[in-house]
Amino acid sequence: MSLLNNATHKKVKSLAKNQCASFIDGGCVFGCSCDYFKPCGKSISCEYFEESVLPSDKQLEKEYKDQHGINYIEKSVGKYERTCKQCNEAFKTDSRNVLVCSDTCRKQLKQQRNSMRKVSQS
């Protein structure tokens with residue numbers, strides 16, 4: 001993990017102090033003191049902060065991720081909740097026409113339908 005530069009670290013500390021629900025009286029409810037205020041704070045990564053507080057400042061979030069070398073996979077935030085017709089896993093989508101959760105399931109479902117067609121035509 002890479003170190004945050006001074007400007008980004010200062011912004012992170014300010015955001016943690018002002019907006020983190022876990023920051024109380026100069027410390028963290030999960031430990032004795034907030035990790036970002038420790039001497040090694042430029043190399044620290046706090047999962048709660050990254051998931052709950054950092055997204056409120058998109059520019060800082062980008063700087064933070066770039067400097068730490070973090071690549072997150074976007075979570076699906078679709079408005080429709082579905083159950084995949086192939087694997088029966090729950091997923092969300094923005095389209096009400098989507099019936100499967102992934103390309104893999106889409107290909108498998110298509111193969112099954114094609115094989116069923118061939119059997120019924122025989």
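These notebook entries record what I looked up in a predicted model of one chain.

**Overall form.** I began with the secondary structure and found four helices and four strands, in the order α-β-β-α-α-β-β-α along the sequence. I then looked up the radius of gyration: the chain has 22 Å, whereas a compact globule of 122 residues would have a value near 14 Å. The C-alpha trace spans about 75 × 25 × 25 Å along its principal axes. I noted that 30% of the 122 residues count as buried. The accessible surface comes to about 9000 Å², with 49% of this belonging to carbon and sulfur atoms.

**Helix α1.** I checked the length of α1 (residues 6-19): at 1.5 Å a residue, its 14 residues should span 20 Å, and the end C-alpha atoms are 20 Å apart, which agrees. At the N-terminal end I found a cap from Asn5, with a side-chain oxygen 3.2 Å from the backbone nitrogen of Ala7. Which residues of α1 are buried? I listed Thr8, His9, Val12, Leu15 and Ala16. These cover an arc of only 125 degrees around the axis, so they lie on the same side of α1. Asn6, Lys10, Lys17 and Asn18 are exposed on the other side. The cover over the buried residues of α1 includes β1 (23-24), α2 (47-53) and α3 (58-68).

**Helix α3.** I next listed the buried residues of α3, which are Leu60, Glu61, Glu63, Tyr64, Lys65, Gln67 and His68. The buried residues of α3 pack against α1 and α2. Just after α3, I noted a positive phi of about 70 degrees at Gly69.

Notes: Residues numbered from 1 in each chain as written. Predicted model: local features only at pLDDT ≥ 70, side-chain atom pairs only at ≥ 80, totals over all residues. Heavy atoms only, no water. Helix = DSSP H or I, 4+ residues; strand = E, 2+ residues; numbered from the N terminus. Expected span 1.5 Å × (residues − 1). Buried < 20%, exposed > 50% of the residue type's maximum accessible area, 1.4 Å probe, protein only. Arc of directions from axis to C-beta. Contact = heavy atoms within 4.5 Å. Polar contact = N/O pair within 3.5 Å; in protein donor to acceptor, adjacent residues only side chain to side chain. Rg over C-alpha atoms; globule rule 2.2 N^0.38 Å. Areas by Shrake-Rupley, 256 points an atom, 1.4 Å probe, with all protein chains shown as cover.
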